[in-house]
Amino acid sequence: MTRPQVLVVEDEAPQREVLAYNLRAEGFDVREATGGDAALDLAREEPPDLILLDWMLPGVSGLEVCRRLKSAPGTRSIPVIMLSARSEEIDRVRGLETGADDYMVKPYSVAELIARVRTQLRRVRPSSVGERLTFDDLTVDTGGHRAFRDGVELRLGPTELRLLITFMERPGRVWSRDQLLDRVWGRDVDVDSRTVDVHVGRLRKALRVSSMKDDPIRTVRGAGYSLG
């Protein structure tokens, strides 16, 4: 799977650089923004797995960025951890009521912040922290890179396994071909979107071979694919 992507929104260069360095050292893919407008553009164009968002930003404040992200269908599910020097209870309440999933007061421990990042990712992208995934009669041991249907191990190639994990992390979500290319193959790999159809077909075949039940992957005409 591609590495979990974190968008760091911080206008103070030293703090932004420390965060980005430590996150990359822990295996995250990091993008950076120095202002609210840039953060909104990046999040809308290529939604990250999580956002670290400073409250005090030039232009659009972090509080307003959070409000806009959480009110838009395409970005509302992205976890946001608000970072702020405001330590009063009323400020923490404002941040959380605006939609932030967590709130950390500066100065903070980088180790604790990364632990909180992992906690949020465990909720929205469990495969990134080695969690076991289940859906109906399907189970994936992400740590052991094994998948089962009705207790029978599936014979999957690496790409088919990554596809299945992506589907199982968000059952019911419709993934476009471009979104699957980004999530499964990575943004820097030059492959055609038709490649997605080929590998989804292989995954479907493997799922049918292991069970007498119907194929659980649904084709959504003009949109993409969904599990369930």
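Me: Two strands count as paired if DSSP finds at least two bridges between them. In this model, which residue of β2 is the bridge partner of glutamine 5?

Reply: This is a predicted model, in which local features need pLDDT of at least 70 and side-chain atom pairs count only at pLDDT 80 or more, while totals for chains, interfaces and linings use all residues. Residues are numbered from 1 along each chain as its sequence is written, and side-chain values use heavy atoms, leaving out hydrogens and water. Strands (E, at least two residues) and helices (H or I, at least four) are DSSP runs numbered from the N terminus. The partner of glutamine 5 is aspartate 29 in β2. Strand β1 (residues 5-9) and β2 run parallel and are joined by five bridges.

Me: In what order do the strands of the open sheet lie?

Reply: The five strands follow the order β2-β1-β3-β4-β5, with parallel pairing. The edge strands, each pairing on one side only, are β2 (29-33) and β5 (102-105). From one strand to the next the twist averages 20 degrees. Within this sheet, β3 and β4 pair in the parallel sense over four bridges, and isoleucine 51 stands opposite valine 80 in β4.

Me: How is the packing of two helices described?

Reply: The angle between the axes and the distance between them describe the pair. Axes are lines fitted to C-alpha atoms, for helices over the stretch in contact, and angles run from 0 to 180 degrees between N-to-C directions. Helix α2 (residues 36-45) packs with helix α3 (residues 62-71) at about 20 degrees, their axes 10 Å apart. That angle makes α2 roughly parallel to α3; angles under 35 degrees count as roughly parallel, over 145 as roughly antiparallel, 65 to 115 as roughly perpendicular and the rest as oblique. Gly36, Leu40, Ala43 and Arg44 of α2 make the contact with Val65, Arg68 and Leu69 of α3, where contact means heavy atoms within 4.5 Å.

Me: At what angle do α1 and α5 pack?

Reply: Helix α1 (residues 13-25) and α5 pack at about 60 degrees, with axes 11 Å apart. That makes α1 oblique to α5. The contact involves Val18, Leu19, Asn22 and Leu23 of α1 and Val110, Leu113 and Ile114 of α5. Helix α5 (residues 110-124) also lies across β1, β3 (50-54), β4 (80-84) and β5, running at about 175 degrees to β5.

Me: Which residue does a cis peptide bond join to proline 107?

Reply: The residue is lysine 106, and omega of the bond is about -5 degrees. Proline 107 is placed in the loop between β5 and α5.

Me: Where are aspartate 136 and histidine 145 placed?

Reply: Aspartate 136 lies in the loop between β6 (132-135) and β7 (138-141), and histidine 145 in the loop between β7 and β8 (146-149). Phi of aspartate 136 is near 55 degrees, a positive value in a residue other than glycine. Histidine 145, not a glycine either, has a positive phi of about 55 degrees. Aspartate 136 is exposed at a relative accessible area of 69%, and histidine 145 counts as exposed at 59% relative accessibility.

Key. Buried < 20%, exposed > 50% of the residue type's maximum accessible area, 1.4 Å probe, protein only.
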